[in-house]
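Student: I have a model open and want to learn how to read it. Can we go through it feature by feature?

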Amino acid sequence: MTINASGWRPERPETNADTAPATFTGNRALMLDEPLIFEVGSTETTGVDLAEVPAGTSRLGGLERARAIGLPGLSEPETMRHYTRLSRQNYAIDLGLFPLGSCTMKHNPRLNEKMARLPGFADVHPLQPVDTVQGAFGVIHELAEWLITLTGMHSVAMSPKAGAHGELCGILAIKAALDAKGEGARKVILVPESAHGTNPATAAFAGYAVENIPASDAGRIDTDALLARLGPDVAAVMITNPNTCGLFERDMKTISDAVHAVGGFVYCDGANFNAIVGKVRPGDLGIDAMHINLHKTFSTPHGGGGPGSGPVVLSAALSPFAPLPFVVKQSDGKFALIEEESAGDDHPHSFGRMVAFHGQMGMFTRALTYILSHGADGLRQVAEDAVLNANYILRSLEGTLSAPFAASGPCMHEALFSDDGLAEGFSTLDVAKGLIDEGFHPMTVYFPLVVHGAMLVEPTETESKAGIDQFIGALRSVAERAKAGDASLKTAPHFAPRSRLDETQAARKPVLVWREPVLAAAAE
Amino acid sequence: MRYLPLTDTDRQAMLATIGAATIDDLFVDVPEAARLSGPIAGLPMHASEMAVERHMSALAAKNVAAGSVPFFLGCGAYKHHVPASVDHIIQRGEFLTAYTPYQPEIAQGTLQVMFEFQTQVARLLGTDVANASMYDGSTACWEAIGMARRITKRAKAILSPGLHPHYVSVAKTMAKYTGDALDTATPTLDDDFGIDALIAKIDGETSCVVVQYPDILGRIADLTALADACHANKALLIAVVTEPVALGAIRSPGEMDADIVVGEGQSLGVGLQFGGPYVGLFGCKDKYVRQMPGRLCGETVDAEGKRGFVLTLSTREQHIRREKATSNICTSSVLCALAMSAHMTLLGEAGLRRLAEINHLGAAAAADRLAQVPGVEVVSNAFFNEFTLKLPREARPVVRALADRGILAGVSLGRLYPGDGDLANGLVIAVTETTTQDDVEALARALAEELA
């Protein structure tokens with residue numbers, strides 16, 4: 001490459017506003033579309049150099065693959081470019097504020113990633129002799145101790161793979177405990193109507209009838225209605241606290257005591273633990289079981305939809321029923337693994353195994369790294385800053401957007417708005433899509449169901465005041481446009497890699513795998 | 001604290017905007033008796049990157065890393081070489097720090113990856129369709145049994161003796177609550193995959209037969225007759241693949257007419273990670289897609305007619321159906337699916353087939369070498385990269401002793417089936433492209449000395 005030797009330098013053109021042409025490629029400078037690997041790869045190409053195939057006789061018992069698989073390959077540079085180009089069509093926390101309510105999209109520290117990749121954690125087999133994995137058990141045990149202490153509970157089941165899996169763990173422990181007391185006839189689980197969809201799905205899976213408890217006008221559980229429904233047929237209540245309206249359930253302890261008085265158990269959905277970590281311990285509120293989403297409160301990355309990790313803290317009453325396997329520290333300081341064979345004598349009541357191996361070890365390493373970085377003081381500050389940021393947004397926007405529970409007092413980690421006051425024909429969806437054009441990921445929309453056209457904003461503690469001010473300004477601007485009936489919002493987003501996508505067509509005629517165009521046409 | 005951008009000045013200004021005097025005014029709804037007045041006593045305070053790294057590194061150093069010794073463990077988790085670019089790709093912040101693609105206009109990257117993954121997995125398993133991943137193989141296996149119940153409206157599942165005991169254990173736990181009857185048995189220490197015995201068990205009440213391929217002892221067998229027997233009784237055949245690299249060398253379960261094929265994708269791109277996070281694979285025939293659990297990505301067009309991708313068929317899922325959902329699952333394992341997908345893209349068909357051949361022939365050579373150890377018998381005849389040895393005495397203490405000699409010798413069946421005397425002498429050996437001839441020689445010699 002040569003530099004321009006003539007000394008000539010480009011100048012700004014007088015105008016280029018109306019001269020942008022359609023491009024040959026369809027790309028626009030850094031906005032690059034990327035075909036599917038099936039359209040550009042070849043089954044002959046490989047991006048991995050493998051050793052020579054050793055000599056020898058095959059022992060596949062006549063099962064040799066005869067048919068082609070149909071897996072296209074790319075060389076390494078093509079592979080890097082394919083995925084790098086695709087990555088640029090994603091919004092991410094690393095790009096900006098990601099205010100999905102109830103999802104706790106906080107910064108993912110890179111120290112976590114570095115620690116999880118230490119060979120002593122990343123390159124260890126789950127069935128190695130226990131003497132060769134004492135450090136891995138050490139991580140599990142140390143994280144468990146933190147979770148128990150932070151929640152004020154008795155024990156923790158570490159193996160559930162995600163939040164909903166943790167819910168299942170908690171409900172199965174409750175069922176096992178009831179069965180052990182001869183109270184297996186209890187068939188009802190009470191769930192507030194503002195609950196996450198996983199709550200009723202989990203209860204139903206475990207064989208319970210789900211009954212909804214209404215919300216009060218103030219955005220909390222209707223405590224009187226709940227107390228009135230309690231009785232000998234109620235196995236448990238499942239409550240999210242702080243709840244999905246972003247409010248703390250003030251009557252939690254009263255509810256817990258009442259549930260216990262009639263022989264039931266209290267499950268708490270801990271999705272929103274980020275708001276209270278270090279400020280209050282769920283164990284002090286009478287909770288019997290609560291899952292903790294390590295990918296929310298404890299900063300392990302969401303990765304575009306998993307992997308998650310959902311350890312479940314348990315009360316003393318439920319601890320004997322915890323699933324296998326688990327790690328115990330022996331008197332000699334070494335860790336032992338309690339699994340099927342060793343459970344018999346000391347842990348006869350476990351309800352069984354939920355997963356192969358030990359759970360999401362890679363997430364444990366990241367979460368422990370995060371916890372140690374923050375410490376007891378930092379975690380408390382996390383909750384305080386998360387709640388401060390949410391209240392700042394609530395009070396800054398309540399004059400612009402309808403905030404149905406603003407009069408109920410401060411919110412916790414998330415601020416809830418509704419579509420009340422938008423112009424005729426304009427919806428929460430339009431506000432969300434307008435925010436995309438402003439360079440923000442939208443908030444959670446249409447959840448919780450108790451508010452019409454809900455917009456649930458959770459900024460988390462890892463946003464600066466300047467960043468939040470910009471978000472407030474953007475949301476205010478979009479909301480004003482929706483109230484004024486600005487038609488350009490109905491076709492937003494205008495500047496995203498794609499405009500609004502036809503989800504109805506996708507569901508009516510599902511195309512779930514790529515087929516050669518000829519074959520796809522034949523299948524029509 | 002390095003992860004918290006607010007300054008005290010910011011905090012004061014924001015409290016003023018809110019109209020609160022102190023931060024505790026925002027926590028008034030927490031009952032005062034339960035409110036903590038300061039950091040919880042007895043816990044450490046915040047720490048620098050350097051201090052945390054020192055602490056974590058010390059813990060990591062207490063583990064024996066697979067790559068540091070001759071290593072032969074498998075049984076549902078396999079050590080394969082993962083190209084450096086795979087880890088770089090999954091650490092792109094736009095993939096790593098994105099959420100579930102609920103706003104498809106700004107999530108086409110993740111969605112296209114899901115679509116490509118679904119296609120790659122369906123082709124590998126030999127199914128018409130596949131979903132965007134499950135938690136892991138064991139939970140995918142249980143979800144398949146539940147799906148078979150919904151499709152056949154029957155609740156009796158036959159689990160093959162060769163199914164991974166952890167997978168059996170998970171199914172047993174769940175079946176206690178759903179009422180499914182599970183017919184289970186432990187494997188025998190021989191070369192019988194058990195097709196005939198499984199066929200003999202199928203009757204008009206059977207919802208499904210679940211068979212692992214290759215099985216827990218590494219055995220493989222033609223599943224066609226089993227599929228026919230299932231279909232003759234209107235039951236489904238569910239095949240479980242815990243070593244997907246095998247499908248580069250042997251016929252896929254879908255080719256042999258399995259109705260649902262699930263598996264553990266860890267082998268490709270993910271790494272051992274002490275058991276998780278892994279990536280559950282789930283494929284099935286087209287006609288069953290609406291009973292499938294888990295996330296699905298589908299192709300569609302945007303308002304300008306451009307091709308794009310969205311999450312679809314979500315009316316099966318909990319956030320829409322609540323207590324009537326096909327499953328309570330909310331998350332999948334998309335980042336691990338990306339790793340697997342990128343690794344498959346790098347390998348391509350040619351690379352995967354060659355990788356599979358290297359694995360298989362390396363294992364065959366290792367079996368021959370270990371068969372020369374006095375007292376050791378190789379019980380497997382047909383296998384892929386994993387085979388079973390019968391030692392002259394209990395294998396579990398032998399594995400422990402070999403670990404002391406710096407060799408991670410495989411998985412003793414005594415570990416997986418404690419208390420089963422017939423299996424106690426069994427040792428399952430996995431050989432992959434990462435295993436060298438020197439490793440095999442070291443194992444053979446150490447085993448000979450230990451058994452002498």
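**Reading the fold, the domains and the backbone**

Tutor: Start with contacts, meaning pairs of residues whose C-beta atoms, placed from the backbone, lie within 7 Å. In chain A, among contacts between residues at least 6 apart in sequence, 74% join residues at least 24 apart. This is a predicted model: local features need pLDDT of at least 70, side-chain atom pairs count only at pLDDT 80 or more, and totals for chains, interfaces and linings use all residues. Residues are numbered from 1 along each chain as its sequence is written, with chains lettered from A and ligands numbered from 1 in the order in which they are written.

Student: How many helices and strands does chain A have?

Tutor: Helices (H or I, at least four residues) and strands (E, at least two) are DSSP runs, numbered from the N terminus. Chain A has 15 helices and twelve strands. Its C-alpha trace spans about 85 × 75 × 55 Å along the principal axes.

Student: Which domains does chain B have?

Tutor: Bounds come from an automatic or database domain assignment. For chain B it gives domain 1 (67–81 + 349–451) and domain 2 (84–343). Their centres, taken over C-alpha atoms, are separated by 27 Å. Domain 1 of chain B puts 31 residues into the contact, and domain 2 of chain B puts in 27 residues. On the domain 1 side, H11(B) gives the most, with seven residues.

Student: At what angle do H5(B) and H11(B) cross?

Tutor: Axes are lines fitted to C-alpha atoms, for helices over the stretch in contact, and angles run from 0 to 180 degrees between N-to-C directions. The axes of H5 (residues 108–125) and H11 (residues 334–371) of chain B come within 9 Å and cross at roughly 60 degrees. H5(B) is therefore oblique to H11(B). Angles under 35 degrees count as roughly parallel, over 145 as roughly antiparallel, 65 to 115 as roughly perpendicular and the rest as oblique. Residues making this contact include Phe117(B) of H5(B) and Met344(B) of H11(B).

Student: Where is Tyr446(A), and what is its phi?

Tutor: Tyr446(A) sits in the loop between E11 and E12 of chain A. Its phi is near 60 degrees, a positive value in a residue other than glycine. Tyr446(A) is partly exposed, with 17 other C-beta atoms within 10 Å. By that count, 20 or more is buried, 12 or fewer exposed, and in between partly exposed, with C-beta atoms placed from the backbone.

Definitions and conventions
Contact = placed C-beta atoms within 7 Å.
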